[in-house]
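Hi,

Here is the structure I said I would pass on.

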Amino acid sequence: MEKMDVAVLGLGGMGKTHADAAKASPFVNRIYGYEPDPERCHKRAEEIGIEAASLEQILANPAVRFVSIAASNDVHVPLAEAALRAGKAVLCEKPMGTTLEEASRLIRVKQETGGFLQIGFELHYSTMYQKVKEWIDSGAIGAVVNVQCRYFCCEFHRKNNWRSNSTGSFLIGEKLSHYLDLQRWYFAGQKPESVYSLSAPKVVPYFRHRDNHQILTRYDKGGVAALNFIMYSAESYHRDPLREILEKQSDDGHFLQYHICGTKGVIETDVFKRRLRRFQFSEVEDGLENKIVETITFPKELDQVYFHNTHGQNLRVIELAAKGKMPEVPPEDAFATMQLCFAAERSEDTGRIIRLDDLPQVPSARV
């Protein structure tokens, strides 16, 4: 089996996650890491256990066939564009741009180069959400008509972090894009039509962006989705070595739940209870009866595999690139999720319902 060299651009916490996946891959030989500051680059590369390199060295090295981009959001597109033009396969963290125009440009570069580009929506590779998709595709809950997500948490970005210092509707693209992406995945055969989003006055004083979002999406066959997010309502978490994190957070105001409602039943996911449940409808003499027919739980050791499987995603994408195969989640699909994110931001800015058709579309390939 021929191995390839890979590079990780951006060596913060997420960069280490990407590097660890590369280390675990049987398709990887040498791993290089890049940070724009040479001193930090060498320090972080040594800490992570990879080789430091400049961007120029990485792009000019034909042995480096795969690049992971885990840098800050504002440089995702220029780094991905440079890597694609250098003939590298690219896995880029979301968001795929700070504007839809940027994201559109990246799609165009991918089309022009014929390169491999996948955006990091790792929930497609997470067991909890894969099981939901399996139930939906099997017809277990009938046609999906309503998708509800409640995500309440504590403020954990802290002061003077690049995340807390980001502007606009930063949290939609950075965090909530995952959950908008899932609703699109679950509404198979339906296309998002319009978005109306509201944001209450900010509570976290040092955030330069909004700290809450209530995003409503209407789909073209009548389906409706809601995402309700608040980033301050749960009790602040301070590490307790005597208490497991999700055990504490399951009853302190933290929620990350989905209810996917169909014509024949409902699917519930609950991260903090480590549980999935499937409900089934039946019509009885005096009305509609709903019964829990299947429950799946998982141990804490499988947390990341079940609800945020970045490691598994990266292993799979490296394998696809090494074998010369196409991305499983094409960038055009990620662009459609970006449309939802920017539609929500525009709706909050203007107070209007935003039609997706009025936003920039995926550029058509040039013949």
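At 6% relative accessibility, Cys149 counts as buried (buried means under 20% relative accessible area, exposed over 50%, partly exposed in between, with a 1.4 Å probe and protein chains only). Cys153 is buried too, with a relative accessible area of 2%.

Before going on, some ground rules: this is a predicted model, where local features need pLDDT of at least 70 and side-chain atom pairs count only at pLDDT 80 or more, while totals for chains, interfaces and linings use all residues. Residues are numbered from 1 along each chain as its sequence is written, and side-chain values use heavy atoms, with hydrogens and water left out.

Back to the cysteines. A disulfide is a covalent bond between the sulfur atoms of two cysteines. How many disulfides does a search of the whole structure find? The count is zero, taking a disulfide as a pair of cysteine sulfur atoms within 2.5 Å. For Cys149, the closest cysteine sulfur is in Cys153, and at 11 Å that is too far for a bond. For Cys153, the closest one belongs to Cys154, at 6.1 Å, again too far for a bond.

**Pockets**

Rolling a probe the size of a water molecule over the atoms shows where empty space is left. The search runs on a 1 Å grid over the protein atoms alone: a cavity is a set of points where a 1.4 Å probe fits but cannot get out, and a pocket is an open set with protein on both sides within 12 Å along at least five of seven lines; lining residues have an atom within 4 Å of a point. Grid points are joined across faces, edges and corners, and a volume is the space filled by probe spheres set on the points.

- The largest pocket holds about 1,500 Å³ of space. Its lining has 49 residues, and Met14, Phe156, Arg163, Lys175 and His308 lie nearest the centre. By type, the lining splits into 23 nonpolar, 17 polar and nine charged residues (Ala, Val, Leu, Ile, Met, Phe, Trp, Tyr, Cys and Pro count as nonpolar, Asp, Glu, Lys and Arg as charged, and the others, Gly among them, as polar). Among the elements that each supply at least two lining residues are helix H1 (13–24), strand S7 (144–153) and helix H7 (170–186). Helices (H or I, at least four residues) and strands (E, at least two) are DSSP runs, numbered from the N terminus.
- The second largest pocket has a volume of about 290 Å³. It is lined by 17 residues, with Thr98, Thr167, Ser169, Phe170 and Phe342 nearest its centre. H7 and helix H11 (331–350) each give at least two residues to this lining, which divides into seven nonpolar, eight polar and two charged.

Start with His213, in strand S9 (residues 212–219). Is His213 buried or exposed? At 0% relative accessibility, His213 is buried. Its side chain joins that of Glu348 through a polar contact of 2.8 Å (a pair of N or O atoms within 3.5 Å; within protein, one must be able to donate a hydrogen and the other to accept it, and residues adjacent in sequence count only if both atoms are side-chain atoms). Leaving out residues up to four places away in sequence, His213 touches several others, including Ser169, Leu176 and Phe229, where contact means heavy atoms within 4.5 Å.

Next, Lys94 sits in the loop between S5 and H5 and is buried, at 7% relative accessible area. A polar atom of the Lys94 side chain lies 2.5 Å from the backbone oxygen of Glu174. Lys94 is also joined to Pro95 by a cis peptide bond, with omega at about -5°.

Then try the loop between S7 and H7, which holds Arg158 and Asn160. Phi is positive in Arg158, near 70°, and in Asn160, near 60°, and neither residue is a glycine. Arg158 is partly exposed at 45% relative accessible area, whereas Asn160 is exposed at 69%.

Last, helix H4 (76–85) is mostly covered, with seven of its 10 residues buried. Just after H4, Gly87 takes a positive phi of about 85°.

Cheers
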